[in-house]
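This note sets out points for a colleague who is meeting the structure for the first time. Please read it with the sequence and the model at hand.

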Amino acid sequence: MAIDIEQIKDKLGFGEDKIYAVMGEFSDPHDLVHAGRRIREMGYTKIDAMSPFPVHGIDAAIGVPYSKLGWIVICIALCGSATALLLQWWCGTYNYPLVIGGKPLFDFSFSIPITFELTVLFSAFASVIGMFAMNGLPRLYHPSANYRLAHRATDDRFILLVEADDPKFDPQITAEHLKSVGAGTVEVVIG
Amino acid sequence: MSMNQTDNYQLDATRWAKGRNTLMLTVLISVIACVAGYLNDPVQFHRSYIIAFSYVAATGLGAFFFVMVQYLTGSAWSVTMRRIMENIMITLPACAILFLPIAFGLKDIYPWTNRAANPLLGTKGAYLTENFFVLRTYIYFALWSIWIFAIYYQSTKQDKERSARQMNVIARWSAPGLFLAIVVGTLASYDWLMSLEPRWYSTIFGLYILSGGALTFMSIVTLICLGFRRAGILKNSITPEHYHDLGKWMFALTAFYTYMAFSQYLLIWYANLPEETIWYRHRSVGGWLGISLAMPFIRFLIPFFITLSRPAKRSLKMIAALAIWSIIVEYVDLYWVVMPTYFKTGPQISWMDFATLAATLSVCALVFWSRFRKNKLAPVGDLRFEQSLHFENA
């Protein structure tokens, strides 16, 4: 059975003819924040930024809402507490009741350390797995890698981009806008 | 925006005098009330006073610890409010004077002063003698005071000199100073509070009291900053970003306190040795049981879950509520530590509990305020001051 490359490309959501975004780069994090704010003031909503390290104020500048990950973590953490308490109560009281050192079969005193541990364990898993899931990771391909200077975002460049599904997006006009706020090497990225 | 506005870092003289007069009046009224209480019922006065004294001393120790931590970690976030912290720290030497009523009332406070009633003290009897007890306390205060005055002197000197020298000198003092705050602070808490039940012992007790004191300190800093903000003092220097960090600290110390308090309880519960469990036994009878059962809720669950979310820690109203809540429950906690020694059946609240607390707090507040007459409201000479003004949480 012959593999239809075009079909797979289409299925995975990338193809030569699809515009992903207009991307530009800055060599200074302050310029990135400043330009991001100005691009947002022009009415764009699907803006993203890439930087080698966390840049203060970029979330507010390009309008990234505060992460909802915390709510996922608290729910899973409370599940962890409940799991630990139920486990200790069920094992100690029903499954294998055993009196040790004259202590009760179940008590909130001795069950707290295990409850604490399982709460922390569940929150850690929820944080890491939740972060990966909400970022759509892991993935083998991302169109932003087609940008000529994409690899510099892990080194010494700060990249600003406007995605093609932005309602105000127009390849030429948006590219002009990005240049007007000081971005260098502006490219229309396809993929 | 506040970024472009600057604050006046010197307190206005008339404003300072007004504050001093109010505090003087409070000191006067509360001290008169304490004297009246002493003449009326010296035993009750001394018992109320040991709580009031421990409350301000633990807060002062918390301040001592935190100021040194700020220097050792080189933190920038806290610089704009560090003078407030340092002025609270300098109330600790004043506690040496506040200790005098205890030094003269040992017989009313400590059961170990009555040898006939405590024949089983054993070798502890050599340690818990009245003269040695007072001597030890003043050695603790002498050590702390040397460090505190040295740090405070360098910090105010930096306001004028604006050099990195003072910063480095204080950091050098701070490393051994942490030892003084924690280890000597632990010894002090053993003397002042643990020896109330002379045969009982718990090695974590010092950290239990100190973590409570650290939380009170952070809460008081928050309330002072918010009060200053309302009065328009340091309004542009202590921003919501700084309050967010104070909120984080109160949250963290709430958890840390709980860790200490629960560790102490769990180990004693598990080992189940009569000489250790007696302390909790005294706190699980009569009216004390209710407070003991409420402790996990008022000291942990309620403040923890209320301030768990980021928006809560960024709300000035919420952190003000958390700070007020924390300083109230800390007093309840110390009351619960001290009073079961005397009242076996349950709490017996006296008006002197409030009068003595008002006296120690207002004396410390006066010491705190008096430092602002000449000194700046913030360490403007600190090299990280600019950085702190523009501090933002990630």
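1. Burial in chain B. Of the 394 residues of chain B, 56% count as buried, where buried means under 20% relative accessible area, exposed over 50%, and partly exposed in between (1.4 Å probe, protein chains only).

2. Basis of the values. The model is predicted, so local features need pLDDT of at least 70 and side-chain atom pairs count only at pLDDT 80 or more, whereas totals for chains, interfaces and linings use all residues. Residues are numbered from 1 along each chain as its sequence is written, chains are lettered from A and ligands numbered from 1 in the order in which they are written, and side-chain values use heavy atoms, with hydrogens and water left out.

3. Fold and dimensions of chain B. Chain B contains 17 helices and zero strands; helices (H or I, at least four residues) and strands (E, at least two) are DSSP runs, numbered from the N terminus. Its radius of gyration is 21 Å, which agrees with the value near 21 Å for a compact globule of 394 residues. This radius is taken over C-alpha atoms, and the globule rule is 2.2 Å times the number of residues to the power 0.38. The C-alpha trace of chain B spans about 70 × 40 × 40 Å along its principal axes.

4. Contacts and surface of chain B. Among contacts (heavy atoms within 4.5 Å) in chain B between residues at least 6 apart in sequence, 83% join residues at least 24 apart. The accessible surface of chain B is about 16,700 Å², with 68% belonging to carbon and sulfur atoms; such areas come from the Shrake-Rupley method with a 1.4 Å probe, and for residues only the protein chains shown count as cover.

5. B:Asn375. This residue lies in the loop between helix H16 (351-370) and helix H17 (385-389) of chain B. Why does B:Asn375 count as buried? Because its relative accessibility is 15%. Its side chain makes a polar contact of 3.2 Å with the side chain of B:Tyr152. A polar contact is a pair of N or O atoms within 3.5 Å; within protein, one must be able to donate a hydrogen and the other to accept it, and residues adjacent in sequence count only if both atoms are side-chain atoms. Not counting residues up to four places away in sequence, B:Asn375 touches B:Gln10, B:Arg83, B:Tyr152 and B:Thr156.

6. B:Arg165. Helix H9 (residues 164-192) of chain B holds B:Arg165, which counts as exposed at 52% relative accessibility. The C-alpha atoms of B:Arg165 and B:Gln154 are separated by 9.1 Å, with the two residues 11 apart along the chain.

7. Chain A as a whole. Chain A has six helices and four strands, in the order α-β-α-β-α-α-α-β-α-β along the sequence. A compact globule of 191 residues would have a radius of gyration near 16 Å, but chain A has 25 Å. Its C-alpha trace spans about 80 × 55 × 30 Å along the principal axes, and 31% of its 191 residues count as buried.

8. A:Glu25. Strand E1 (residues 19-26) of chain A includes A:Glu25. Is this residue buried or exposed? A:Glu25 is buried, with a relative accessible area of 11%. Its side chain makes polar contacts with the side chains of A:Arg157, at 2.8 Å, and A:Thr185, at 2.9 Å. Among the residues that A:Glu25 touches, not counting those up to four places away in sequence, are A:Tyr147, A:Leu149 and A:Phe158.
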